[in-house]
Amino acid sequence: MTKLFSRTFASFSEDEKIDNEISEKISFLQTFLKPQHLDIPQVLHNEASWLLAEKELQKMNAFKAPQEKLSSIMNCCRIINNLLLNAAMSEHVPAGADDFLPVLIYVTIKANPPMLHSNLKFIKLYRRQSKLISEAEYYFTNLVSAKTFIIDLNAKSLSMDKIKFEECMQEAKLAKKVTSELHSTCQMKQQEKNECSFSNKMHNTLDTKDFHVMQHGSNYPYMEAKSKDLEMGDVDILLHQYKDLVAKYTILCKAINCLSVSEKEPLLHQLEMQGAGSINNKNTNDQTTSHQDKSQ
């Protein structure tokens, strides 16, 4: 399955949409949801165990084989199950299966595992059914139930006042919007800073003459010309343009070599894209001219 992973995992846009919706809702719930909202007994409040379970659940998306993804779920659930058993032994009360699902729901919300829906769907479709039995089936079914609970979660699902729940959700949405806008602003400022840094580096690397050539070089009116259109008087112009082109190329190579790898790669990619665009435009113009000649 690892060879077919890219074609079978989250292969439908609807799956990606559901993943994003679940992840976004969980991110909102993370801002205010407490264990008491899920009626988790105080004796099961163990941040260290919860954190271990969260880490195991977050590993699920890193694997490509369904059995490895399922192993992450089982490791997470075993940690929770051990927590319940230890609490039962210390309190001398039987471990309640009713306490397992609320803790798993809380751990899932705290972990916010990437692409939860797609991972569960992938396991269900491609894990051999003969292996999805007993303990594995129990834990897998509980995580599916936890996902469904989160999707449908509202104030009635929690030990929480409806008005308070709505207020918390709105505050979380507003905070995300503000954070997103700040992030966009920071990205724009960083881009401006990078462009300024690149410009300064160019100025430090190239002399005034080089910049004059880069900024005020000749145009190239003969790009679309054919040999039969040329005259003797065009030789001097073409020679001048050839020298201009070589000078620009030399200056550009000198400037690119002074850049770091992280600065160089996006610039080279942009130049390649521009070059491909110029070739495509030229081919289009040649085809148009050819058709016009034939029609005449």
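This is a predicted model: local features need pLDDT of at least 70, side-chain atom pairs count only at pLDDT 80 or more; totals for chains, interfaces and linings use all residues.

Q: What share of the residues counts as buried?
A: Buried means under 20% relative accessible area, exposed over 50%, and partly exposed in between, with a 1.4 Å probe and protein chains only. Of the 296 residues here, 30% count as buried.

Q: Which residues touch the most other members of the largest nonpolar core?
A: A nonpolar core is a set of buried Ala, Val, Leu, Ile, Met, Phe, Trp, Tyr and Cys residues joined through side-chain atoms within 4.5 Å. The largest one has 48 residues, and Leu-29, Ile-73, Ile-80, Leu-104, Leu-143 and Phe-165 touch the most other members. Helices that each supply at least two residues include α2 (13-29), α3 (47-59) and α8 (162-205). The most comes from α4, with nine residues.

Q: What does Leu-143 touch?
A: Contact means heavy atoms within 4.5 Å. Leaving out residues up to four places away in sequence, Leu-143 touches Leu-57, Ile-73, Leu-104, Thr-108, Leu-116 and Leu-120.

Q: At what angle do the axes of α6 and α7 cross?
A: Axes are lines fitted to C-alpha atoms, for helices over the stretch in contact, and angles run from 0 to 180 degrees between N-to-C directions. For α6 (residues 116-126) and α7 (residues 134-152), the axes come within 11 Å and cross at roughly 145°. On the α6 side, Leu-116, His-117, Leu-120, Ile-123 and Lys-124 meet Phe-140, Leu-143, Val-144 and Lys-147 of α7. By class, this contact has six nonpolar, one polar and two charged residues. Ala, Val, Leu, Ile, Met, Phe, Trp, Tyr, Cys and Pro count as nonpolar, Asp, Glu, Lys and Arg as charged, and the others, Gly among them, as polar.

Q: What span should α5 have, given its number of residues?
A: The expected span of a helix is 1.5 Å times one less than its number of residues. The 12 residues of α5 should therefore span 16 Å, and its end C-alpha atoms are 16 Å apart, which agrees.

Q: Why is α5 described as largely enclosed?
A: Because 10 of its 12 residues are buried, α5 is largely enclosed by the rest of the structure. Among the buried ones are Phe-100, Leu-104, Tyr-106 and Ile-109. Their cover includes α2, α3, α4, α6 and α7. Just after α5, Asn-112 takes a positive phi of about 45°.

Q: Is Leu-33 buried or exposed?
A: Leu-33, in the loop between α2 and α3, counts as buried at 5% relative accessibility. Leaving aside neighbours within four places in sequence, Leu-33 is in contact with Leu-38, Tyr-106, Ile-109 and Leu-158. Leu-33 and Ile-109 are 76 residues apart in sequence and 8.7 Å apart in space, C-alpha to C-alpha.

Q: Is Phe-12 buried or exposed?
A: Phe-12 lies in the loop between α1 (5-8) and α2 and is exposed, with a relative accessible area of 53%.

Notes: Residues are numbered from 1 along each chain as its sequence is written. Side-chain values use heavy atoms; hydrogens and water are left out. Helices (H or I, at least four residues) and strands (E, at least two) are DSSP runs, numbered from the N terminus.
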